[in-house]
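Please consult the sequence and the model shown here alongside the text.

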Amino acid sequence: MESKGEVDPNERENRIHARRGRIDTRNANKDDENKKKKSSSTDAKKMNRGAQQIADSLNQLDKRKITGIQEVTDIRVRADDTENTRRINEEDRKQKRIEKLQQEAITSGSRNAAVEMRWADLYDYNMPQELFKQLQLQSEACGAILASKDGLIKDFQTQLKAKDEEYVVALKVQADDVETLVDRMSQQYREMQEEYELELEQIEDAFLKAR
C-alpha cells in the first residue's frame, strides 16, 4: 500500500506530458502569431507599395496640371500686358491731343483778338497804299490762323490713320494669341490624357508586383 506522501509515477508522467503539450501548443501559437505578423507585414508592404505609387502618381499629375495652367496663364498675361500697354499709349496720345487743342484754342483766340482789333484801326488809314498794306497784314494773320488749324487737323488725321493701322495689328495679335491659347490647351489635353494613362499603368504595375 502506497503512502500518502508518495506520488504515483504514472500520474507524474502524465503531468509531464501535459506540461510538454501545453508548451508545444503555446510555441505553436507563437509560431502562428509570428507567421501572421510576417504575413500582415508583407501585406502591409504590398499595400504600401501600391498606395505609395498612387500618391506618387497623383503628385506627378498635380505637377503636370500646375505646369499646364502656368503655361496658359503666361499666354493670357502676355496678351493682357500687350493690351494694357496699348491702352496706356492711347491714353497718353489722347492727353497730348487735348493739350494741343487747348494750346491751339489759346493761340487762335489771341490771334483772332489781334485781327479783330486791327479791323477797327483800318478806318484810320486814308491812303490806299497804306490801307492795302494793312489789309495784306490782316490777310497774313488770318492765313497764319488757318495754317495753324490746318496743321492740327493734318496731325490728327495722321494719328487717326496710325490708330486704324494699330487697330488692325492689335486684332491680328489678339487672333494669334487666341489661336496659340487654343492650340496650347488642346496640346495639354492630349498630354494630360497620356499622363493619366501612364500613371494608371504604373499604379496597376505596382499592385501586380505586390501580389
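Is glutamate 90 buried or exposed? Glutamate 90 is buried, as its relative accessible area is 14%; buried means under 20% relative accessible area, exposed over 50%, and partly exposed in between (1.4 Å probe, protein chains only). This is a predicted model, in which local features need pLDDT of at least 70 and side-chain atom pairs count only at pLDDT 80 or more, while totals for chains, interfaces and linings use all residues. Residues are numbered from 1 along each chain as its sequence is written, and side-chain values use heavy atoms, with hydrogens and water left out.

**Overall architecture**

- The chain contains two helices and zero strands; helices (H or I, at least four residues) and strands (E, at least two) are DSSP runs, numbered from the N terminus.
- Of the 211 residues in the chain, 13% are buried.
- Contacts (heavy atoms within 4.5 Å) between residues at least 6 apart in sequence join residues at least 24 apart in 82% of cases.
- The chain has an accessible surface of about 17100 Å², and carbon and sulfur atoms account for 54% of that area; accessible areas come from the Shrake-Rupley method with a 1.4 Å probe, and for residues only the protein chains shown count as cover.

**Salt bridges around glutamate 90**

- The whole structure holds 13 salt bridges, each defined as a side-chain nitrogen of Lys or Arg within 4 Å of a carboxyl oxygen of Asp or Glu.
- Glutamate 90 pairs with arginine 93 at 3.1 Å, N to O; both lie in helix H1 (residues 9–121), three residues apart, about one turn of the helix.
- Arginine 97 also forms a salt bridge with glutamate 90, with the closest N and O atoms 3.2 Å apart.
- A salt bridge links lysine 163 to glutamate 90, with the closest N and O atoms 3.3 Å apart. Lysine 163 lies in helix H2 and glutamate 90 in helix H1, so this pair ties together parts that are 73 residues apart in sequence.
- A network of salt bridges links Glu90, Arg93, Arg97, Lys163 and Glu166.

**Nonpolar surface patch**

- Tyr167, Val168 and Leu171 make a nonpolar surface patch of about 320 Å². Patches are made of residues with over 30% relative accessible area and no salt bridge, with like charges joined within 9 Å and nonpolar side chains (Val, Leu, Ile, Met, Phe, Trp, Tyr) within 5 Å.
- Tyrosine 167 is located in helix H2 (residues 128–209) and is exposed, with a relative accessible area of 53%.
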